[in-house]
Amino acid sequence: MPEARETLEVEGTVRELLPNALYRIELSSESRPSVTAHLAGGAGSTRLRPGDGVVVEIAPFDGGRGRIVRQR
Amino acid sequence: MSIQKSWAELQTMARAARLVIETLDLLEEAAVPGATTADLYTIARENIERAGARPAFLGYRGFPATLCASVNEEVVHGIPGTRKLREGDIIGLDLGCILDGFFGDSARTVAVGPVSGEAQQLLDTTRDALLAGIDMCRPDKRVGDIGHAVQAHAESRGYSVVREFVGHGIGTSLHEEPQVPNYGPPGRRDRLVPGMCLAIEPMVNLGTPEVEVLEDGWTAVTKDRRLSAHFEFAVAVTPHGPWILSEPYPYAEFEAEAANA
């Protein structure tokens, strides 16, 4: 019986800077075109601009939210 | 870091693994047009209890059966019920037991009567992808090498692998460390060491890799509702290579050495 993953890492691109240090990220995954994401702790002081490539951690089955774990 | 098993513990793991395989053989025979998935569940449960073992999935995080029966576009975690099998279906049978404290866990996808060439090819490829992953279970390899081999095999045939569910360590719990994804770069994740037991289980889709979970909270289906197949063996890493625990110890010439280690 397979184990369900709690999070998945997917690649994306910064599309828009939102208030409250949030970003709109366009994902390479087909099922969810974009998520609203915040910077994870380790990536905290990074400044991102539209067009930057990032890796976002998302919950597999719900929500349009994610956390940006690193740049790529 | 996973838990390494002693030679004696591996013997118990092997008995649990064999009971699951024997039960799957019965289920494969019973998976004929007109049978319901609940019929298969009854056979599975009776056979496991007759052998003095306990069902492993029943009640696991609230799962209501000891068999996952996943038909056609269902990827995994299908709940047995009144659905009648029809000729041309494929059904994923995923079964677990607890025998003398150790877990057996194995799965295969079988054809109900004659199936399309497309379906048969998917079954063959998924099984071969599993074997490619198992071949990586050697002490000089890493967990990431397993997923990489599975993914490379499946994608070279034009299929896709599911990301949302992963294989796992197995032993005195159904799911132990580490997680074993069926994709990703080689050379990453935990180093494999002798005595590790892993349940490797590729889920391979005909179309998109994406899946969603139905309202019952369990049944995972492909997003595009095309076919999906799932095969699983529990494997021990030995100093000489992989041991599919349901099969005889494959390195007989080293058996005395292993027993004394």
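In chain A, what share of contacts between residues at least 6 apart in sequence join residues at least 24 apart? The share is 47%, where a contact means C-beta atoms, placed from the backbone, within 7 Å. This is a predicted model: local features need pLDDT of at least 70, side-chain atom pairs count only at pLDDT 80 or more, and totals for chains, interfaces and linings use all residues. Residues are numbered from 1 along each chain as its sequence is written, while chains are lettered from A and ligands numbered from 1 in the order in which they are written.

**Chain A**
- Chain A has six strands and zero helices; helices (H or I, at least four residues) and strands (E, at least two) are DSSP runs, numbered from the N terminus.
- Its elements run β-β-β-β-β-β from the N terminus on.
- Of the 72 residues in chain A, 18% are buried.
- Buried means that 20 or more other C-beta atoms lie within 10 Å of the residue's own; exposed means 12 or fewer, and partly exposed is in between.

**Where A meets B**
- Ten residues of chain A contact 22 residues of chain B.
- The chain A side of this contact has six nonpolar, three charged and one polar residues.
- Here Ala, Val, Leu, Ile, Met, Phe, Trp, Tyr, Cys and Pro count as nonpolar, Asp, Glu, Lys and Arg as charged, and the others, Gly among them, as polar.
- Strand 1 (residues 3–4) of chain A runs antiparallel to strand 7 (residues 165–169) of chain B, joined by two bridges.
- Strands pair if DSSP finds at least two bridges between them.
- A:Glu3 has B:Val166 as its bridge partner in strand 7 of chain B.

**Nonpolar cores**
- A nonpolar core is a set of buried Ala, Val, Leu, Ile, Met, Phe, Trp, Tyr and Cys residues joined through C-beta atoms within 7 Å.
- The largest core has 82 residues, and B:Met13, B:Ala16 and B:Val235 have the most contacts inside it.
- Helix 1 (residues 7–30) of chain B gives the largest share of this core, nine residues.
- Another core, of nine residues, lies apart from it and includes A:Val14, A:Ile25, A:Ile58 and A:Ile68.
- Not counting residues up to four places away in sequence, B:Ala16 touches B:Ala53, B:Cys97, B:Leu99, B:Phe102, B:Phe103 and B:Gly104.

**Helix 4 of chain B**
- Helix 4 (residues 143–156) has 14 residues, ten of them buried.
- The buried set includes B:Asp145, B:His148, B:Gln151 and B:His153.
- These buried residues pack against helix 3 (117–134), strand 6 (160–161), strand 8 (176–180), strand 9 (197–200) and strand 10 (203–205) of chain B.
- Just after the helix, B:Gly158 takes a positive phi of about 90°.

**B:Trp243**
- B:Trp243 sits in strand 15 (residues 241–244) of chain B.
- B:Trp243 counts as buried because it has 25 C-beta neighbours inside 10 Å.
- Leaving out residues up to four places away in sequence, B:Trp243 touches B:Val235, B:Ala236, B:Thr238, B:Tyr249 and B:Pro250.

**A three-stranded sheet in chain B**
- This open sheet has the strand order 3-12-11, with antiparallel pairing.
- Its edge strands are strand 3 (74–76) and strand 11 (211–213), each pairing on one side only.
- Strand 3 pairs with strand 12 (residues 220–222) over two bridges, and B:Glu74 stands opposite B:Val221.

Terms used. Two residues are in contact if their C-beta atoms, placed from the backbone, lie within 7 Å. The expected span of a helix is 1.5 Å times one less than its number of residues.
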